[in-house]
Amino acid sequence: MVSKLKFLLNQRITPKQALQIHACIIVNSVTHLEPLLVRQVLLSVSNYSASIIRYVELILHHMQAPDAFSWGFTVRFLSQNGRFSEACSLYSEMQRLGLCPSSFAVSSALRACARKVDKVGGSLIHAQAHKLGFCGCVYVQTALLDLYSRVGDMETAQRIFDEMPERNVVSWNSALSGYVKTGNVKMARKIFDEIPEKDVVSWNSMISGYARVRNMEQAALLFQQMPERDSASWNAMLSGYIDYGNIESARRLFDAMPQQSSVSWITMIAGYSKCGDVDSARILFDQIAVKDLLIYNAMIACYAQNSRAQEALQLFNDMIQPDVDILPDEITFSSIISACSQLGDLTSGFWIESCMRKLGIRMDDHLITALIDLYAKCGSIDKAYELFNDSRKKDVVSYSAMILGLGMNGRAVDAIRLFKEMVEAGINPNLHTFSGLLAAYSHAGLVEEGYRCFKSMRDYGLVASVDHYGIMVDLLGRAGLIKEAYNLIASMPTQPHSGVWGALLLACRMHNNVEIGEIAGMHCFELEPDRAGYYSLLANIYASAGLWTNVKKIRNIMQEKGFTKVPGCSWVESGLYI
DNA sequence: CTAGGGTTAG
């Protein structure tokens, strides 16, 4: 068996073959493998990142006594392929086994902590590197510099940088990107100007620094001045224009690029997604000759974020077909679960969960939160609660999902309690949190408390969005406080959308208020002329007041517009309410 | 090995 494996490994193996080797190891329980052999397995498969990562870890765990090299290699391998959590846990595991990490493993583990923005974990490794005497190694120093830069501790980063006896261009660039990431363009520029030999990465970092603070003029200036541009330079400009909200400029740049990379396509698709232009995103997507996992993820996310759940699921289905055969990852599933949640489709939720188990997908915080939302929206509030309670890291997103779910399931008291718990835990609520909380008050009909809650948003430094006003109008309107609801709309700092006026119109129908109902109706007609529901609501308001001439007028308009049937109960489905 | 550009949850 071992000799057979050895033979295979001396060939140039493909990912599929590597998988077969792995299967052999498992099936035949070859646990007495020599470290050398496993080392070769690791080296062979490391050329095929994405789909093979999970197996590397498995292989390691099937070795009898892996040596420090194999552990270190695996840590580096995982860290370089975006599996930061796995890299960190393997790093600590090798130490529990009494193996001494090399500077190789240390810098990889530091990189993993840096990317995870895990300052505590990173500091522990820092202390350890110190003890092991690795702090004189320029790679370790640069990794430390990068760690503190990424967690936003620029004082420590600067200190490490100052104490470095020798700096290479990577060290300079790490410090530079630290200031770029913390939004300190001034210091970034200072570092940039001091770099003895700037390379293309230095220029790119500085460009994205300007792009980050929306200074596209300076970014464009540097872009023109730089001696050579690579793909990342163009992409930095591209994402700058997109964050700036200037999709047209982004597209012009995209079309002018000498060569679009995978990153360019993804940036562009995400850009269209952000401004709601799903169709343009799809047109781009279809033009891509070779689509990888991240491109599928971007397009699926685009559908999911723009309420086109059905298409998200369809694309997911396409990508797992044998002719495409791309393995989905955590990010794919986050979007897919969100899509199922939008459809209120618990059945496909179960299917997705079994799919994830089959693929060995790890439940990360994003996935747990997505599942909480799915179960909560589908009425399985207890299952959602279970997930929430079991989750290690509760943040503002998972709390918000849970609060929203409780409110929707008529458990306003629990929602309010959870909100208090969250604030006491030192987690700051955001706009999403208040959408859920206000909706809970609205469902429970707690007018005064809801209004107080709405007012309290300011105390958290939050400015209510149109949607929050919509919920408040609904809350007041249902309680019959039509005039107050109307005044609230009048006091809005931004233009109300049709949802807000629609909520008022519905309240007027419930309480038969002709005067304000007319105003609300007119606004609705103006904002959404082709929605029949608004017309019939106003007609009903007139009818209830016996204003039959007005009823007739509305009916005539409806006929002219070709609205034949008067929708009765489509209001909930039509999305006026969440 | 360490640095720059991209995809995820309410």
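**Entry 1. The core**

I began with the largest nonpolar core, which has 175 residues; Met 237, Met 268, Ile 269, Met 299, Met 402 and Leu 504 touch the most other members. I then looked up which domains supply this core: domain 1 (390-463) and domain 2 (465-578) both give residues to it, so the core lies between them. I note here that the model is a predicted one. As general background, I recall that nonpolar side chains tend to be buried together in soluble globular proteins.

Leaving aside residues up to four places away in sequence, I found Ile 269 touching Ala 281, Leu 284, Phe 285, Ile 288, Ile 295, Ala 298, Met 299 and Cys 302. Met 299, one of these contacts, is also among the core residues that touch the most other members.

**Entry 2. The chain as a whole**

I looked up the secondary structure of chain A and found 34 helices and zero strands. Of the 578 residues in chain A, 49% are buried. I also checked the contacts with a separation of 6 or more: 59% of them join residues 24 or more positions apart. The accessible surface of chain A comes to about 28,200 Å², and carbon and sulfur atoms hold 53% of that surface.

**Entry 3. Helix H12**

Which residues of helix H12 (residues 185-194) are buried? I found Val 185, Ala 188, Ile 191 and Phe 192. Seen down the axis of H12, the buried residues fall within an arc of 125°, so they line one face of the helix. The general rule is that an α-helix has 3.6 residues a turn, so residues three or four places apart point the same way. I then looked for what covers the buried residues of H12, and the cover includes helix H10 (154-163), helix H11 (169-181), helix H13 (200-212) and helix H14 (216-225).

I examined Phe 192 of H12 individually. Phe 192 has a relative accessible area of 2% and is buried. Beyond residues up to four places away in sequence, Phe 192 touches Leu 176, Lys 198, Ser 202, Trp 203, Met 206 and Leu 222.

I turned to Ala 219, which lies in helix H14, one of the helices covering the buried residues of H12. Ala 219 is buried, at a relative accessible area of 0%. Not counting residues up to four places away in sequence, it touches Ile 207, Tyr 210, Ala 211 and Met 237. The C-alpha atoms of Ala 219 and Ser 208, 11 residues apart along the chain, are separated by 7.2 Å.

I also located Ser 335 in helix H21 (residues 330-343). Is Ser 335 buried or exposed? I found Ser 335 buried, with a relative accessible area of 12%. Apart from residues up to four places away in sequence, Ser 335 touches Ile 300, Ala 301 and Ala 304.

**Entry 4. Cysteines**

How many disulfides does the structure hold? I found zero. I checked Cys 88, and the closest cysteine sulfur, in Cys 113, is 3.7 Å from its own sulfur, which is too far for a bond; the cut-off for a disulfide is within 2.5 Å. Cys 113 is likewise in no disulfide, with the sulfur of Cys 88 as its nearest cysteine sulfur. Cys 88 is buried, with a relative accessible area of 14%. Cys 113 is buried too, with a relative accessible area of 2%.

Key:
Residues are numbered from 1 along each chain as its sequence is written. Chains are lettered from A and ligands numbered from 1 in the order in which they are written. This is a predicted model: local features need pLDDT of at least 70, side-chain atom pairs count only at pLDDT 80 or more; totals for chains, interfaces and linings use all residues. Side-chain values use heavy atoms; hydrogens and water are left out. Buried means under 20% relative accessible area, exposed over 50%, partly exposed in between (1.4 Å probe, protein chains only). Helices (H or I, at least four residues) and strands (E, at least two) are DSSP runs, numbered from the N terminus. The arc is that of the directions from the helix axis to the C-beta atoms. Contact means heavy atoms within 4.5 Å. A nonpolar core is a set of buried Ala, Val, Leu, Ile, Met, Phe, Trp, Tyr and Cys residues joined through side-chain atoms within 4.5 Å. Domain bounds come from an automatic or database domain assignment. Accessible areas come from the Shrake-Rupley method with a 1.4 Å probe; for residues, only the protein chains shown count as cover.
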